[in-house]
Structures are given as structure tokens and as C-alpha cells.
Amino acid sequence: MSAYSGRGLHGQTVATLGARIVAGTISEGEVIDLGALGRELDVSMTALREALKVLAAKGLVAAKQKRGTYVRERAHWNLLDSDVIRWRSEAGDTAAVLRDLAEVRAVIEPAAASMAALRRDEADLAELEAALAEMAVDAVAADLRWHRALLRATHNEMLARMDVFIEPALRLRDELVHETTADDPEPSHRAVVEAVRAGDPAKAAEAVTSLLHKSAEDAMDATGGKA
């Protein structure tokens with residue numbers, strides 16, 4: 001679910017088209033006039049088709065004989081893709097993204113913390129501690145590292161891969177929050193680590209729930225009370 005790494009004209013074309021689709025400037029079901037679009041963006045048909053391949057992989061567009069290339073219904077979009085999340089935010093949908101993220105985390109993270117308290121090993125604790133230590137240096141990167149470590153500490157392979165679903169929106173949330181608040185994130189995360197270290201699943205779930213409440217409050221502040 002990582003961001004598309006294309007640069008230059010190709011990357012700009014992907015970003016321009018993706019942003020227009022997500023914002024609704026190009027509507028769901030609308031057939032894209034490739035010739036007109038190529039002239040507007042001053043790109044070749046080859047470059048345009050390559051950009052559309054990237055967007056097709058994200059579920060935004062498709063092509064059919066006799067119909068041409070068209071925008072797919074939103075139900076087909078990969079809403080977990082980091083580019084799609086960014087385009088939603090740029091289109092003014094940040095609050096909805098963060099609300100969805102908060103609800104998903106509320107389902108996953110208390111259970112993960114409980115499981116981690118029962119299954120963690122010394123390597124898991126060391127990684128959680130390393131992430132805590134990094135928070136004073138790079139809060140965003142450290143928070144993402146911490147959440148990956150917590151999920152891995154469950155020693156459940158499927159649950160550990162939930163980071164793929166959570167991380168793109170969590171990165172957006174962290175970047176917004178840490179631009180607008182000076183609160184130290186370390187204490188709330190440390191409370192979870194200490195409960196996990198103690199092997200106390202109930203306390204670990206409680207600590208994560210408190211962390212999630214604080215996270216929701218910070219997101220509300222960062223979005224002017226809209227998240």
C-alpha cells in the first residue's frame with residue numbers, strides 16, 4: 001500500500017488524474033477522452049496510458065472495448081492505498097479518513113495489545129522500546145514503527161499484516177497531528193508497553209483504549225473538530 005514512487009512527467013500525470021478522479025472532477029462512470037486529456041496535460045498517448053495503468057492498479061479506472069477508459073465506481077477504489085488517501089485529504093475528505101481510521105483501530109488494537117501481552121518475547125519488547133526512544137527524534141516514523149512492533153508482538157501472522165491496512169491513514173493522521181500539537185506521545189505509548197511487558201492483557205487493552213481516545217482528541221484538534 002505504499003505511495004506511488006513515480007517522478008517527473010509520468011508521476012505528475014498519475015497525481016493529476018488521480019486527484020481529479022478522487023475529488024469528483026472526473027465523475028464515476030465517466031468515459032475519459034484520452035485525446036483531449038493528452039492535449040490538456042501536454043503528454044503523449046504512451047505516457048497517458050502508462051499513467052492510467054497505475055490508476056487501474058489502484059482500482060480507479062478500467063477499460064472496455066467499445067466503451068473506452070472510464071472511472072470505476074468508488075466501491076472498486078483501493079481506499080487503503082496511500083496515494084488515494086492523500087488525494088482524498090487534498091479533496092477535503094480528511095475528517096472522514098481519520099474517522100474511519102479511528103474506528104478500525106478501535107476494533108484491532110485493543111485485541112492486539114491483549115494478545116501481545118500474552119505472547120511477546122524479549123525481541124518484541126526491545127523493538128517497542130526502540131520505537132519509544134525514537135519518538136523524541138521523529139514522532140511520525142517512530143509511531144509507525146511502534147504500531148508495527150505491537151502488531152508483530154501478537155505472533156499472529158495475519159494480525160501482524162494489519163499494518164498494511166492501517167499505516168497509510170495513520171501516517172496522514174500523524175503528520176497532521178504532529179504539525180499542530182507539541183504533546184509528547186511517549187507516555188501514552190509507554191503505558192501500553194509496560195502492560196505488555198507485565199503480561200497483563202486487560203491492562204494492555206485498557207492502555208491502548210486510552211491511547212486511542214487521546215489520538216481521536218488530537219485528530220479533532222488537528223482538523224478543527226471535524227474528525
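Student: How many residues lie between β1 and β2 in the hairpin?

Tutor: Three residues lie between them. Keep in mind that this is a predicted model.

Student: Do they pair parallel or antiparallel, and over how many bridges?

Tutor: The pairing of β1 and β2 is antiparallel, over four bridges.

Student: Which residue in β2 stands opposite Ala63?

Tutor: Thr69 stands opposite Ala63.

Student: Back to the turn. Which residue there has a positive phi?

Tutor: Lys66, with a phi of about 70 degrees. Lys66 is not a glycine.

Student: Is Lys66 buried or exposed?

Tutor: Exposed. Its relative accessible area is 92%.

Student: Where is Asp42?

Tutor: Asp42 is in a loop, between α2 (34–41) and α3 (45–57).

Student: Buried or exposed?

Tutor: Asp42 counts as exposed because its relative accessible area is 67%, and the cut-off is over 50%.

Student: New topic. How many cavities of 30 Å³ or more does a search of the whole structure find?

Tutor: One. The space in the largest cavity is about 60 Å³.

Student: Which elements give two or more residues to its lining?

Tutor: Two helices do: α7 (139–152) and α9 (163–180).

Student: Which residues line the largest cavity?

Tutor: Leu144, His147, Arg148, Leu151, Asp163, Ile166, Glu167 and Leu170.

Student: How do the residues of that lining divide by type?

Tutor: Four are nonpolar, three are charged and one is polar.

Student: Now confidence. What does the protein average in pLDDT?

Tutor: The average is 92. A score of at least 70 is reached by 95% of the residues.

Student: Which elements have the lowest and highest mean pLDDT?

Tutor: α9 has the lowest, at 87. Helix α6, residues 122–134, has the highest, at 98. Note that α9 also gives residues to the cavity lining.

Student: What is Val193 in contact with, leaving aside neighbours within four places in sequence?

Tutor: Val193 is in contact with Leu128, Glu129, Leu132 and Trp146.

Student: How far is Val193 from Leu80 in space?

Tutor: Their C-alpha atoms are 27 Å apart. In sequence, 113 residues separate Val193 and Leu80.

Student: One more residue, Ala19. Which helix is Ala19 in?

Tutor: Ala19 belongs to helix α1, residues 8–23.

Student: What is the relative accessible area of Ala19?

Tutor: Ala19 has 22%, so it is partly exposed, between the cut-offs of 20% and 50%.

Student: What does Ala19 touch, not counting residues up to four places away in sequence?

Tutor: Ala19 touches Trp87 and Glu90.

Student: And how far apart are Ala19 and Ala141?

Tutor: Along the chain, 122 residues. From C-alpha to C-alpha, the separation is 25 Å.

Conventions: Residues are numbered from 1 along each chain as its sequence is written. This is a predicted model: local features need pLDDT of at least 70, side-chain atom pairs count only at pLDDT 80 or more; totals for chains, interfaces and linings use all residues. Side-chain values use heavy atoms; hydrogens and water are left out. Buried means under 20% relative accessible area, exposed over 50%, partly exposed in between (1.4 Å probe, protein chains only). On a 1 Å grid over the protein atoms alone, a cavity is a set of points where a 1.4 Å probe fits but cannot get out, and a pocket is an open set with protein on both sides within 12 Å along at least five of seven lines; lining residues have an atom within 4 Å of a point. Grid points are joined across faces, edges and corners, and a volume is the space filled by probe spheres set on the points. Ala, Val, Leu, Ile, Met, Phe, Trp, Tyr, Cys and Pro count as nonpolar, Asp, Glu, Lys and Arg as charged, and the others, Gly among them, as polar. pLDDT is the predictor's confidence in each residue, from 0 to 100. Contact means heavy atoms within 4.5 Å. Two strands pair if DSSP finds at least two bridges between them.
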